[in-house]
Amino acid sequence: MAMFGDFKTKAGFIENLPKIYGIYTGGFVLFILLMAVLEQMGLGSDTIGILFVAFTIFIYALIGWLSRTMQIDAYYVAGRQVPPVFNGMATGADWMSGASFVAMAGGIYMGGHAYLAFVVGWTGGYVLVATLMAPYLRKFGCYTVPDFIGTRYGGNFARLCAVLVLVIASFTYVTAQINATGTIASRALQIPFGVGVWFGLLGILLCSMLGGMRAVTWTQVAQYIVLIIAYLVPVIWMSNKQGFGVIPQLVYGDAVARIGELEVLHQVGTLKPAATVAGVSALTVKHATAADSAIASFRFVTLVACMMLGTASLPHILMRYFTTPSVRDARRSVAWSLFFIFLLYFTAPALATFTKLQVLDPNLATSIIGKSIADVNALEWIQKWSNVGFLKIIDSNGDGILQINEFFMRGDIVVLATPEIAGLPYVISGLVAAGGMAAAMSTADGLLLAIANALSHDLYYKMIDPKADVRHRLIVARILLVAIGAAGAIVASFRLTGILGAVAWAFCFAMSGLFFPLVLGVWWKRANRPGAIAGMLVGLGVGTWYLYMVRFAGMEPWYGLDHLRFGIVGAAASLIAMVVVSLATKEPDAETQAMVEELRIPKGETILGSTH
Amino acid sequence: MSTANSQKVIHWERTRRLMITHLTIWFIFSFVVHWFAPQLNEIAFMHFPLGFYMAAQGSLVVFVVQLFFFAKQQEKIDRECGMAEDL
């Protein structure tokens, strides 16, 4: 542990980062091997699951404690010294939530091509981040996203509007993440969900409370390493077993084609389920076939657009690029972020394909469709997931053989159940649980910090008590962090929404209120305060109104823009309002215009001082 | 107009053009390609149906590669216009 002693002396620590995380990765691999050996020696699967989750959380908490700080720029922007590659990894963990890790492959498994809109949207958004936002926000030198809005447009009211949008979007998102940590913790540690939620929150706060952004950065890097290993190992293993080699992502074309043949054999899409079961569904959508209609194409591209514009407006992502040493590094860091995210996202469709093949292909020993129901019911993984209600088999036609429309499953279990379906050792299941936990915790940390920082810096320090000293500000920031975390856990324990629905809403809220005020703040000098305020309030208001009408008041969606896509309506309203109001009111003063020009060139001092 | 100022104007002009170039590529691979997924699926690419491949992998690869290029190109613009940071 001696090397962690350098956490406080900046230079040595930064130089040694590759070594430190190299040793960390090696240590984690050794831990996996140790668990594998213990499994062979007869250690129970429950104990392995508990050890995986407990060990990794202990490491994150340790890093969080070692990164504790009482310096303002360390707390808010990790001292602006995070190298681009490491910031890329941290962003990857910050970005990939429980939904990406647990639900994405399952969504593709159940939803086929249409679901890939999430994969495209959640990666392409970074092109907008890199070209339109990140380098300019870094040059600005802000601590939070409302800090930029408040200074660029001037006035506390603009700042307050930005805080409002940020809190609504991020809080919607964070409850889904705390829900996910609770779900995984309760399963791995065998505790009730309600307790799991609070346990998860405790882990999350241990990572962020003492060290703010600095602690979150270094734990997120550690969490990225765990989650990417946990995601890749089962896929590569499974692909090897099926003879597809060690880079399955490049060669699963044949597996896709084979699924196409099997879909004909098993009559996927033709055989409709005779019964409906709450929470689970039968496979009725073809894997690679794209629906051939203008409305299907429109629904695909609008979902892509929502996820992309949402990506570029979510404060917990944008603030990661405030931590790099320079504008140049912020730009490079976006590219690295996308690379690290890509590693998981281009694997998810492969995982969905291989798992589907395991289940459908009669040539594989693991297949269940077309087998006798008595045999299938005897399988351990079928029993285990049936017991918790995530899977159901109903012999609708009474022939004793399992047809495609008689097998009901919840998509969310695909990633978690894949090691069992494919007959991999339990140590892999424990690893996957630890990965899911890392994904959910790291995103929750980023979101909680984004909310608490906006409230402590923008609301408390900038508006309520501008004379507060550093100690005071940091104490307020921490109290807010705990309070918001607790509020999130309370809301999460009610389980109001599904994980994925809440995530899509968060993106739509963020893009409705923040996308155009942020972009035009850099790219349109004429944009002024009344315009920005109108953009934020009208966007958020119209978006929320449309969501309410479509989701709860029974209004017919416009052109198939359902509740997952309400951001399109909100952002369009925001753009119109912002342009019209800006042009109808006075142009910004010379000083503001000079500031925007300064913002556009990397050279020179940041607009806001290093501590402000 | 002083030279420093005209440099700024040139820098921003080139920066804007680079942004538009990259957003055009982004637009094609985010929206246009996927609009025609049913037609592309008729074509096989590396044994994949092309429409599926583009959504599962192709567009993603383009985005990643594009961002590394973008960073390089913008750094070049900054350097040539004398607007790069002193690091």
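1. A quick word on terms before we start: helices (H or I, at least four residues) and strands (E, at least two) are DSSP runs, numbered from the N terminus. With that in hand, chain B of this predicted model reads α-α-β-β-α from the N terminus on. That makes three helices and two strands in chain B.

2. Chain B is worth a look for its overall form. Its radius of gyration is 18 Å, well over the 12 Å that the globule rule gives for 87 residues, so chain B is more spread out than a compact globule. Along the principal axes, the C-alpha atoms of chain B fill a box of roughly 60 × 25 × 10 Å. Buried residues account for 40% of its 87 residues. Among contacts in chain B between residues at least 6 apart in sequence, 55% join residues at least 24 apart.

3. Now for chain A, which has 26 helices and three strands. Here the radius of gyration is 24 Å, close to the 25 Å given by the globule rule for 612 residues, so chain A is as compact as a globular protein of that length. Its C-alpha atoms take up a box of roughly 80 × 60 × 40 Å along the principal axes. Of the 612 residues in chain A, 58% are buried. Residues 24 or more positions apart make up 82% of the chain A contacts with a separation of 6 or more.

4. On to the place where the chains meet. The contact draws 42 residues from chain A and 39 residues from chain B. On the chain B side, the elements giving two or more residues are α1 (3-35), α2 (37-40), β2 (48-49) and α3 (50-80). Helix α3(B) supplies the largest share of that side, 17 residues. Sorted by class, the side of chain B that touches chain A has 24 nonpolar, 11 polar and four charged residues.

5. The largest nonpolar core deserves a point of its own. It has 239 residues, and V165(A), L227(A) and L67(B) touch the most other members. The largest share of this core, 21 residues, comes from α21(A).

6. Helix α10 (residues 193-208) of chain A packs with helix α21 (residues 426-464) of chain A at an angle of about 60 degrees, and their axes are 9 Å apart. This crossing of α10(A) and α21(A) is right-handed. From α10(A), the contact uses G200(A), G203(A), I204(A), C207(A) and S208(A), while α21(A) brings M441(A), A444(A), D445(A), L448(A) and L449(A). By class, that contact has six nonpolar, three polar and one charged residues.

7. Finally, two backbone details to check. Phi of A78(A) is near 50 degrees, a positive value in a residue other than glycine. A78(A) sits in the loop between α4 (72-77) and α5 (84-95) of chain A. With 26 other C-beta atoms within 10 Å, A78(A) is buried. Phi of M46(B) is likewise near 50 degrees, a positive value in a residue other than glycine. M46(B) lies in the loop between β1 (44-45) and β2 of chain B. There, M46(B) counts as partly exposed, with 13 C-beta neighbours inside 10 Å.

Conventions: Residues numbered from 1 in each chain as written. Chains lettered and ligands numbered in written order. Predicted model: local features only at pLDDT ≥ 70, side-chain atom pairs only at ≥ 80, totals over all residues. Axes fitted to C-alpha atoms, helices over the stretch in contact; angles between N-to-C directions. Left-handed = near helix turned anticlockwise from the far one by under 90°. Contact = placed C-beta atoms within 7 Å. Nonpolar A, V, L, I, M, F, W, Y, C, P; charged D, E, K, R; others polar. Core = buried A, V, L, I, M, F, W, Y, C linked by C-beta atoms within 7 Å. Buried ≥ 20, exposed ≤ 12 C-beta atoms within 10 Å, placed from the backbone. Rg over C-alpha atoms; globule rule 2.2 N^0.38 Å.
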